[in-house]
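Student: I would like to see how the labels on a structure follow from its values. Can we work through one together?

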Amino acid sequence: MKPPFRPATIAAQANGQINTATGGTVGPIETSTTFERDDAYRLPASGDIYRRDNNATVREAEAVLNALEGAAETRLFGSGLAAIAAVMRAAQGPIALQDGTYYGTQKLGEAYAAEGRTVVRFPAGDLDALRRVCAEAKPGLVVIETPSNPWLAVVDIAGTAEIAHEAGALLAIDSTAATPILTRPLDLGADIVMHSATKALNGHSDVLAGALCVREKSETWERILSLRAMEGAVLSSFDAYLLTRGMRTLAVRVAAMNHNAAHIAHWLEAHPAVTAVRWPGLSSHPAHALASRQMQGGFGSLMSFDVKGGASEALAVLSRLKLIKRATSLGGVETLIEHRHSIEPAFTNMPPALLRLSVGIEAVEDLVADLSEGLGAIA
């Protein structure tokens, strides 16, 4: 039997897509919102009815990601938060939520708790704590993020899956920072993988999208699909087209970003104005050995670091940057930096001196020179 294609091939070929009507190697953009039935009132061959849940261009993007993750089924959403919200709402019973996940996910947890849902928390990577939480709360869903944003915690996916499944819970993982190029959580026992496809999957800071990929179909998955269809939390056809276009270069972008991130992380770790660097590829990272086993081909382009002092010093560093953009988001071809303390709510306890860095594909020498200029504000 012919072995499956490698991720780089799946991505570059867009999972073998072709315009069947013309033979074009790039698929068309289906913009119609409704689809005509024949004179016997039968649906067209596509089975499509209305674009809220039916769109050929969206299905093509889903097929690429589905192949990359090795999933049973994949669905795209209008944003990453729409995707994870659908999972949390569709799950039955309490939710066990990892501390230090993306603050939008934490806000969802706070909101559901305020509505009366039981939401319990556990420290990232602490399997014993998770086991206790599962024994006491009996959750129907465990939610983790690895590597986490912006703490860069790395969680043992296989170990977490075993504990969740023993408790009768599903395991959902935010794998945005890793991408399927570096980690395939479904292969390690996860039930649902979530991506903010806005980030590295698209990679060009011009699409807002989310995705869910499942290891197998289930009643929870059917509830997720029902919520998506009823509420219209879907992706536009043009954004789906751009997402497919972006995923064609995913493997080469991730490789270039990993190369730059490794250089910058080691450089920052040696800089006198930097007190801490969080990146799983550093031997000083507490979960470096786990990341080395769990992530293949690199450790991601996301990192965070603390500078000497507090918020004023961190903002002074940012003010001197000329190349690196002071902006939200991550995973794009351009390098972005952000002072998370300025934008996150107080309950996340974000350190005032922390700067989050999303490393792009620019010449690494130029990035280092810019960071050197910025850090000169406090050196």
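**Helix pairs, pockets and a cavity**

Tutor: Start with helices H5 and H6, which are therefore called roughly parallel to each other. The model is a predicted one.

Student: Why are H5 and H6 called roughly parallel?

Tutor: Look at the angle. The axes of H5 (residues 127-137) and H6 (residues 157-166) cross at roughly 15 degrees. Angles under 35 degrees count as roughly parallel. H5 and H6 therefore get that label. Their axes come within 10 Å, and H5 passes H6 in a right-handed crossing.

Student: Which residues make the contact between H5 and H6?

Tutor: From H5 come Leu127, Leu130, Arg131 and Cys134. They meet Gly159, Thr160 and Ile163 of H6. By class, this contact has 4 nonpolar, 2 polar and 1 charged residues.

Student: What makes Gly159 of H6 part of the contact, and how is Gly classed?

Tutor: Contact means heavy atoms within 4.5 Å, and Gly159 is among the H6 residues that H5 meets. Gly counts as polar.

Student: How do you know that H10 and H13 are roughly parallel to each other?

Tutor: Use the cut-off again. H10 (residues 250-269) and H13 (residues 364-375) pack at an angle of about 30 degrees. The limit is under 35 degrees. H10 and H13 are therefore roughly parallel. Their axes lie 10 Å apart. H10 passes H13 in a right-handed crossing.

Student: What classes of residue make up the contact of H10 with H13?

Tutor: First, the residues. Asn260, His263, Ile264, Trp267 and Leu268 of H10 meet Val364, Leu367, Val368, Leu371, Ser372 and Leu375 of H13. They divide into 8 nonpolar, 3 polar and no charged. Asp, Glu, Lys and Arg count as charged.

Student: What makes up the lining of the second largest pocket?

Tutor: That pocket has a volume of about 170 Å³. Of its 13 lining residues, Asp53, Asn54, Arg59, Arg75 and Arg228 are closest to its centre. Helices H2 (56-69) and H8 (219-231) each give two or more residues to this lining. H2 gives the most, with 3 residues. The classes are 4 nonpolar, 2 polar and 7 charged.

Student: What makes a space a cavity and not a pocket?

Tutor: In a cavity, a 1.4 Å probe fits but cannot get out, whereas a pocket is open. A search of the whole structure finds 3 cavities of 30 Å³ or more. The largest cavity has about 90 Å³ of space.

Student: Which residues and elements line the largest cavity?

Tutor: There are 15 lining residues, and Ala177, Thr179, Ala200, Met257 and Ser301 lie nearest the centre. Helix H7 (179-182) and H10 each give two or more residues. H10 has the largest share, 3 residues. By class, the lining of the largest cavity has 8 nonpolar, 6 polar and 1 charged residues.

Note on methods. Residues numbered from 1 in each chain as written. Predicted model: local features only at pLDDT ≥ 70, side-chain atom pairs only at ≥ 80, totals over all residues. Heavy atoms only, no water. Axes fitted to C-alpha atoms, helices over the stretch in contact; angles between N-to-C directions. Helix = DSSP H or I, 4+ residues; strand = E, 2+ residues; numbered from the N terminus. Parallel < 35°, antiparallel > 145°, perpendicular 65-115°, else oblique. Left-handed = near helix turned anticlockwise from the far one by under 90°. 1 Å grid on protein atoms, 1.4 Å probe; cavity = no way out; pocket = protein on both sides within 12 Å on 5 of 7 lines; lining within 4 Å. Points joined across faces, edges and corners; volume = space filled by probe spheres on them.
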